[in-house]
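Open the model in your viewer and keep the selection panel at hand. We will go stop by stop.

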Amino acid sequence: MAETPNIICRELTKFYGATRGIENLDLTVGRGEIFGFLGPNGAGKTTTIRMLMGLIRPTAGSAMVVGLDTWKQSVEIKRHVGATQGDVRLYEHMRVQELLDYIDGFRSGAGSLRAELVERLDLAVGKKVKALSRGNRQKVAIVVAMMHDPEILILDEPTLGLDPLMQQVFYAILGEFKQRGKTVFLSSHILSEVERVCDRVGIVKEGNLMDVRSIEELRQNKIRHMDVSFSGEVDISRLKALPQVLDVKRLDSYLRITLRGDIDAIIKEIARYQVVDLTFTQPSLEDFFMSFYHHGTDDDG
């Protein structure tokens, strides 16, 4: 990449006493890129985010955001970063308008996108924060993160509580940030969300970065469940012999085929029989992690 990445982590490490947060994280995220950061609870995602925001000091290594050290230049960093946290906490006694005014007061040239975001997210600015639903609190957090048009967005579970319509609006806004060369660092538990908006994905487990892959590689390697009902007997051994098939289970009146990768061979095999019904079930994120770690271990030797 010709230009300097907006986010650079070099051997970034954080321990809380003897407890590991993240260890030896090497990572770069470029301009105009939406980067997904995935891992189960306790993997080190929140610790990484807090260091990128300049909120906690690394035990070792370094993190640079727009060329600034996130700890040594933490005050300056905050002028370039907009962030949401998974647990939204706002000043309960204020009205939304007052809260946005208050936060604007800390930023130079602030609020350039404020009116547009409030309108597009259909945010009721006259209400008190304590009267807001979970989804509307999330809208406030998004406006706060984006309204000063930052170079970097660091988003931890940004769509929690948003209804499907508002999720679509939010994805459109993210796409516009990307088109203008902004960088988005996104942590999410929603696999479909990550697939939709991200360019690359980093997978973390137990404080270590397991792999970084393009979103296309992620799609190819994720597992899916195919539930198929047949009108007669099926030779399960033929299905199990296919390289894409990880498992076949008989459940009540149908077969659950767990698979990874291309489905063409499987479709051709089951077409040999009389199919009554067929549905695909997306795996949970936990299923994906289990599958990915096992698969990654095989790849890496």
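A salt bridge here is a side-chain nitrogen of Lys or Arg within 4 Å of a carboxyl oxygen of Asp or Glu. The model you are looking at is predicted. It holds 16 salt bridges.

**Stop 1: a helix-to-helix pair.** Select aspartate 104 and arginine 114. Their side chains meet in a salt bridge, 2.8 Å from N to O. Aspartate 104 sits in helix 3 and arginine 114 in helix 4, so the pair ties together parts that are 10 residues apart in sequence. Aspartate 104 is buried, at 16% relative accessible area. Arginine 114 is buried too, at 11%.

**Stop 2: a loop-to-loop pair.** Select arginine 180 and aspartate 149. They form a salt bridge, with the closest N and O atoms 2.8 Å apart. Arginine 180 is in the loop between helix 6 and strand 8, and aspartate 149 in the loop between helix 5 and strand 7, so the bridge ties together parts 31 residues apart in sequence. Arginine 180 is partly exposed at 45%. Aspartate 149 is partly exposed at 23%.

**Stop 3: a strand-to-strand pair.** Select arginine 256 and aspartate 227. Their side chains meet in a salt bridge, N to O 2.8 Å. Arginine 256 belongs to strand 13 and aspartate 227 to strand 11, 29 residues apart. Arginine 256 is partly exposed, at 24%. Aspartate 227 is buried, at 11%.

**Stop 4: helix 5.** Select residues 134–146. This helix spans 19 Å from first to last C-alpha, close to the 18 Å expected. Of its 13 residues, 11 are buried, so helix 5 is largely enclosed by the rest of the structure. Among the buried ones are Arg137, Lys139 and Val144. What covers the buried residues? Show strand 6, helix 3, helix 4, strand 7 and helix 6, which are included in the cover.

**Stop 5: the largest pocket.** It holds about 850 Å³ of space. Of its 21 lining residues, select Met53, Ala83, Gln85, Arg107 and Val144, which lie nearest the centre. Strand 6, helix 3 and helix 5 each give two or more residues to this lining. Strand 6 has the largest share, 4 residues. By class, the lining has 13 nonpolar, 4 polar and 4 charged residues.

**Stop 6: the second largest pocket.** Its volume is about 210 Å³. Select Lys45, Thr46, Thr47, Gly86 and Asp156, the closest to its centre among 18 lining residues. Helix 1 gives the most, 5 residues. This lining has 4 nonpolar, 9 polar and 5 charged residues.

How values were computed. Residues numbered from 1 in each chain as written. Predicted model: local features only at pLDDT ≥ 70, side-chain atom pairs only at ≥ 80, totals over all residues. Heavy atoms only, no water. Expected span 1.5 Å × (residues − 1). Buried < 20%, exposed > 50% of the residue type's maximum accessible area, 1.4 Å probe, protein only. Contact = heavy atoms within 4.5 Å. 1 Å grid on protein atoms, 1.4 Å probe; cavity = no way out; pocket = protein on both sides within 12 Å on 5 of 7 lines; lining within 4 Å. Points joined across faces, edges and corners; volume = space filled by probe spheres on them. Nonpolar A, V, L, I, M, F, W, Y, C, P; charged D, E, K, R; others polar.
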